[in-house]
Amino acid sequence: MTRIIFAFILALASAALSSATAQELQLAAGAPDRHVVLPGDTLWAISGKFLKEPWRWPEIWRMNREEIRNPHRIFPGDVIVLERDARGDPRLRLQRARLVPQVYSEAIEESIPAIPPNVIRPFLSDPLIVEANALDSAARIIATQQDRVFIGNGDLAYVVNADPDKVAWQIYRNGKPLNDPETNEVLGYEAYYLGTARQLEPGNPATFQVISMKEEIGRGDRLLPAIRPPLVAYVPHKPDFSVDGRVISVYGGVDAAGRGSIVSINRGAADGIEIGHVLALERNRTAVAREENDRKETVQIPVLRVGLLFIFRTFQRISYGLIVQSEGTVELNDFARTP
């Protein structure tokens with residue numbers, strides 16, 4: 001009898017645990033039955049029309065892991081239909097726009113992105129994060145045309161340690177170190193992007209020509225081969241593991257951010273972070289209470305959700321994210337956690 005009671009209690013506990021972990025999808029207030037995709041739409045904006053929690057987009061589409069990584073593309077004119085399955089659970093279905101034979105003069109339409117591409121485009125082309133110790137063997141300007149202090153567009157520079165097989169390069173200068181707030185270890189440097197250069201004559205030193213510049217370029221500045229990150233089909237989804245990172249910088253050198261700002265966190269590809277991950281931005285809070293003998297004591301109070309972060313570029317130990325939602329200011333050392 002004792003075994004039966006114990007098994008019954010265990011079953012109840014297991015059922016309670018599974019219901020707590022498998023939370024039902026909640027539709028947004030006023031969720032439409034269908035949505036016609038328009039130019040300028042993003043996956044994030046559309047998912048917000050249907051779901052209270054937009055990062056659960058793959059669940060309402062019933063995507064598996066492979067489909068999250070390689071999703072079907074959605075184009076303007078397509079219709080997204082909200083349906084319910086036999087159990088009454090919501091799901092989305094894509095209805096392709098019907099093609100009518102005719103001559104078009106417009107450019108071929110591209111599929112809609114996950115988040116506004118104009119916001120993140122500069123962060124995809126420039127090497128804004130340089131890994132710790134990456135500069136030790138990087139190519140370096142040792143002399144300039146006519147021994148000038150600074151050079152600009154069209155000027156020549158003489159560079160050591162440059163790979164002779166690489167033609168296109170980017171020039172930068174070390175910026176501030178990005179420290180892990182938990183260990184104080186330097187995770188990398190926020191690169192100070194200066195411009196681009198082309199290798200004209202290999203050698204040691206090699207002859208380079210400055211192609212474009214954002215800031216003055218001079219002796220001691222470093223060069224890396226220009227590598228454009230691959231275009232990735234972003235799908236907003238929460239990590240399937242626990243993340244407990246920190247905001248370590250706000251782009252632009254400020255200490256606080258809001259919706260539309262770019263921040264970096266102290267978690268990267270080495271920690272399992274991937275493009276498309278959505279993280280909750282939270283702030284731990286304490287309050288001062290008084291005991292019965294009127295002594296003060298500090299107590300923890302519930303964490304404050306201050307926003308949501310969409311990861312769009314990862315490095316080994318650091319990631320860049322766009323704040324897609326905020327309920328206040330996001331500050332340095334706020335937590336980035338699994339929502």
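Q: In β12, which residue is the bridge partner of Gly195?
A: Strands of a sheet pair through backbone hydrogen bonds, either parallel or antiparallel. In this predicted model, Gly195 has Met213 as its bridge partner in β12. The two strands, β11 and β12 (residues 206–213), pair in the antiparallel sense over six bridges.

Q: Which residue stands opposite Gly195 of β11 in the pairing with β8?
A: Ile171 stands opposite Gly195. Strand β8 (residues 168–173) runs antiparallel to β11 (residues 192–201), and six bridges join them.

Q: How many residues lie between the strands in the hairpin of β11 and β12?
A: There are four residues between these strands, and Gly203 in this hairpin takes a positive phi near 160°.

Q: In what order do the strands of the three-stranded open sheet come?
A: The order is β4-β10-β9, with antiparallel pairing. β4 (129–131) and β9 (177–179) are the edge strands, each pairing on one side only. From one strand to the next, the twist averages 35°.

Q: How many bridges join β9 to β10?
A: Three bridges join β9 to β10 (residues 186–190), and the strands run antiparallel. Within β10, Gly188 is the bridge partner of Leu178.

Q: Why is Phe241 called partly exposed?
A: Buried means under 20% relative accessible area and exposed means over 50%. Phe241 is partly exposed because its relative accessible area is 29%.

Q: Which residues is Phe241 in contact with, leaving aside neighbours within four places in sequence?
A: The contacts are Asp271, Gly272, Ile273, His277 and Thr338. Gly272 is 31 residues from Phe241 along the chain, and their C-alpha atoms are separated by 8.7 Å.

Key: Residues are numbered from 1 along each chain as its sequence is written. This is a predicted model: local features need pLDDT of at least 70, side-chain atom pairs count only at pLDDT 80 or more; totals for chains, interfaces and linings use all residues. Side-chain values use heavy atoms; hydrogens and water are left out. Buried means under 20% relative accessible area, exposed over 50%, partly exposed in between (1.4 Å probe, protein chains only). Contact means heavy atoms within 4.5 Å. Two strands pair if DSSP finds at least two bridges between them. Axes are lines fitted to C-alpha atoms, for helices over the stretch in contact, and angles run from 0 to 180 degrees between N-to-C directions.
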